[in-house]
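Please look first at the sequence and the model shown here, and keep both at hand while reading the report.

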Amino acid sequence: MKQSSCIHLLAAFAIGAICAISMLCATPAALAQQDQSGLSVSAGLSKAGEPRFFAIKGARIVPVSGPVIEKGTVVMANGIITAVGPDAQIPPEAAVIDGTGLTVYPGLIDAGTTVGLPGGENAAPAGRARGPRAAAPVEIANGPQDRPLTTPWIVAANELNPEDPRIESWRDAGFTTALVEPEGGIFPGQGSIVDFGEERAGNMIVAPRVTLGIDFQTSGNFASFPSSLMGAVAYVRQVFIDTRWYQNAEDVYKAHQSGLERPPYDRTEVVVGDALKNNELILLPAGDKLAIYRAIRLANEWQIHAAMYGAQEGYALSSEIAASKMPVFVNVNWPKIDKNGDPDDITLRELRLWDHAPSTPAALSKTGVMYAFYSGGITNPKDILKNVKKAIDAGLSPDDALKAMTINPATILGVADRMGSIEQGKVANLVVTDGDLFNEKTKIKTVFVDGMRYEIHEDASPGPPGGHPMPMQQSDEGVQP
Amino acid sequence: MNFENSKMHALRLIAVLAALAILPLAARAQDDSGVTLIKNATVITITHGRIEHGSVLIRDGKIADVGTDIQAPAGAKVIDASGMYLMPGIVDCHTHIAVDGDVNEGSVSVSSMVNIKDVLNPYDINIYHELAGGVVIGNVLHGSANPIGGQTIVIKLKYGAPPDDLPFPGALPGIKFALGENVKHSNFGGPIPRYPETRMGVEETIRDAFTRAKQYQKDWADYNQRKAAGEQNLIPPRRDLQLEPLVEVLEGKRYIHCHSYVSDEILMLMRVAHDMGFKVRTFQHVLEGYKVADEMVAAGAYGSTFSDWWAYKMEAYEAIPYNAALMTRRGVIVSVNSDDPEEARHLNQEAAKSMHYGDLTENEALRLVTLNPAIQLGIDNHVGSIEVGKDADLVIYNHDPLSVYAVVQKTIIDGRVYFDRAQDIAERAELAKERQELLDKEINEGKPAPRADDNENGATKSAKKPKKSHQATPETPQLDNAEIGGAR
């Protein structure tokens, strides 16, 4: 080894040591601060050590739940909005922020992402069939009874890694909240609503078991069931049948154990059964027109409380989607043309899809569909708003665009009583900007998550690449026409 | 018209005029269920011979009248088919088009739980190509990877309609069986991924599946009986999606379409069917059917075969193009199918081959692709011939359909034109323009791209047309067209 390398090594070691020591010191300091102030414990790890009493005064406020307040005040205490209005009273303990020239929006909600879950760096291979992660051994399933690609018991809240660097980059882009979902397989797991503050995982969880994801994946292997799309559909159908059989059988057996053969224990049946009982929202893939029709048909056949995700061809089926009354998660990672490909290989059908996909939200608004946006594999969160802007250019009203990232996802996910708009009593999740949210030049200045303040600095990097495709996300190839 | 007296005459005239006054509005309001008159064609009815200078009246998607002297009601759309030939639309008894994803669930020996109906794709370009070949109905089958494959469905080739509009209303569902080399993975190379590996294994798989199905049937019958008797605290049997279609077969509610080649396996399945108490509806391919035609007739089994494919694998070695004719002469109801989206575009010619190979008459030949497959699929009450009351599923050719020169001009399903050759040609320029504009917009960001040299590669992936217009031979929008080969 050369001498310069040795020095680098020593330097790295020293810096590492200093960091470790300072982290050890930070925690006791924060705790000491809390003890002195008598505030509640949830100030958490490092930056957000200040007391959670703020008032943003004299700002333009966009509540979403009501008309814009051109000049008003938002008051927060202990993570809750305590007052909103042109003349809201500011209590003495609040730190006052001058809102002149600033606009306050509700914190944005990303309605489908893997941010916060470990394994982000192990991107799943692009393409339609995504099996279990690379490390898993190949298991051959000989039929539905082997429960292939099935892990519904994985709950995002239980796997949350608050240290995931993507959390900060999402927050810097204005997203205070997300529906975090496990990825991989036919039943990847249950999604949780997470607030992107820097705290202990438990304090970040808004609701742990909100959605049950389904993706009609194949084993990727001719020898293992299911090897076809129709096989995956048949499998999920059998799972719902088995689950309902088990729920009934368990009830009968529990009441009369003598004389009856016991129903076998199947973890999938138990977990899916609990999800049905708790009225979790079942997510069905809707990656193209065929899948949209299929989602509508299966939700009806299986009598489940379901939403569809993807929906980039929704512009073509906005009436049918409205008639189904199913909520929709629209993937704003619009399909992109491969500019290096041979133009002769591109079909008119593909071109129409690429051209029309961003018009889907406007079409859905017109027919009264309840829909929300999700990032769908976008790795740089600043691109999320850029892509929403494309939908606005294609005819979506900015008001509806904002709703699709605030009150709509809150409504669909059952937390609209406490999130999704700036109203007294709701969670203090806010985004403060120096202009209109959908203007390219606008900068996000401050983000509040659960009433904790995060100043956004301009030189902040967009965050490391991550955000691999998950069940609700498109591959880079986009939708197959 | 005969009138008793002039007063009645006047009243009737008023009634007729009143009806006519209403009719045009009705015809205009509903595009599909209006009135159409196809006139002055050679009408090939299949069941009642040919009618020279004949006409067919269509109303509300059904054939309302057939004859030589039909007047078009006011407001009716009139198709002048002078010099043309009108025939029932072709029924393809073995196809794999219109399927989203893999057509095989080959991972397990018995994949009866999967259903083609879950993955129908009405946007498959092959549907459009086959309409251009005169096909109106397809028996969409699971592949031949398993002894017992997935559930199958009969569709009308309604290109672009919602998936739920494709299934043929009222047609019994089917299930695909397969025997022989494909099932045993004989020709795939590499290790066999799954049982069975032998012919005896294939037979055992089917016997075992039906044994389990019968037990399943009994378990449910027992449970229902006990429940009906008022017994409490019963746990029902589990519903098993794999066995339920087999129970339907036992109950005669689902047709078996069995891919088969050599005579011993055809006989084997008939024996198993006899033992286990079910029927085989059609043997598909059945290339040695000519050897066991009498047994097929005795078992009530139909045959759906190729016109002249043989010797492409061992089990096709003794296939002969006389198969269809020989089976027909022994009394089997025979259809000729495609099993291939290209072959399906000229099934009229495939039917004609049995005139050369086996001396079938012209009508017997055309029956192979019209009424016979309709009978096999249990839909002959609705389609397969031109008769009053049947569905208006028709095709117009510019020459006798048995002629090599015949080219489809229009294909009609439920009274609506789903393929119109003249219209297709007329729209090509507009579609090419749209494509180029979108390409410019998406790739070149608004600047027109330098045009590449005309590419003769006619691989058709675009929505309706080949990507590069074959402007070399502009088609005149006449119903007569000699250039078949140029347009791909």
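This is a predicted model: local features need pLDDT of at least 70, side-chain atom pairs count only at pLDDT 80 or more; totals for chains, interfaces and linings use all residues.

Residues are numbered from 1 along each chain as its sequence is written, chains are lettered from A and ligands numbered from 1 in the order in which they are written, and side-chain values use heavy atoms, with hydrogens and water left out.

**The interface**

Contact here means heavy atoms within 4.5 Å, and by that rule 51 residues of chain B are in contact with 48 residues of chain A. The size of an interface is often given as the accessible area lost when the parts come together. Buried area is the accessible area (1.4 Å probe) that two parts lose on being put together, summed over both, and between chain B and chain A it is about 4,600 Å², with carbon and sulfur atoms giving 59%. Within chain B, the residues that lose the most area to chain A are Asp118(B), Ile235(B) and Arg238(B), together 16% of what that side buries.

Eight salt bridges are counted between chain B and chain A, a salt bridge being a side-chain nitrogen of Lys or Arg within 4 Å of a carboxyl oxygen of Asp or Glu. The side chains of Arg297(A) and Asp164(B) meet in a salt bridge, at 3.5 Å from N to O.

**A strand of chain A**

Helices (H or I, at least four residues) and strands (E, at least two) are DSSP runs, numbered from the N terminus. In strand 5 (residues 103–106) of chain A, Thr103(A) and Tyr105(A) point one way and Val104(A) and Pro106(A) the other way, and all are buried; buried means under 20% relative accessible area, exposed over 50%, and partly exposed in between (1.4 Å probe, protein chains only).

Two strands pair if DSSP finds at least two bridges between them. Strand 5 of chain A pairs with strand 1 (residues 53–61) of chain A in the parallel sense over two bridges, and Arg60(A) stands opposite Thr103(A). Strand 5 of chain A also runs antiparallel to strand 14 (residues 430–433) of chain A, joined to that strand by four bridges, and there Leu430(A) is the bridge partner of Pro106(A).

**A buried serine**

Ser338(B) is placed in the loop between strand 13 (334–336) and helix 8 (347–356) of chain B, and it counts as buried because its relative accessibility is 0%. Leaving aside neighbours within four places in sequence, Ser338(B) is in contact with several residues, including Asp92(B), His94(B) and Trp309(B).

**Backbone details**

| Peptide bond | Omega |
|---|---|
| Phe225(A) to Pro226(A), cis | near -5 degrees |
| Tyr195(B) to Pro196(B), cis | near 0 degrees |

Pro226(A) lies in the loop between strand 9 (205–213) and helix 5 (229–255) of chain A, and Pro196(B) in the loop between strand 9 (174–178) and helix 3 (199–228) of chain B.

Asn78(A), which is not a glycine, has a positive phi near 50 degrees, and its relative accessibility of 39% is why Asn78(A) counts as partly exposed. His285(B), also not a glycine, has a positive phi of about 70 degrees; His285(B) is in strand 11 (residues 282–285) of chain B and is buried, with a relative accessible area of 1%.
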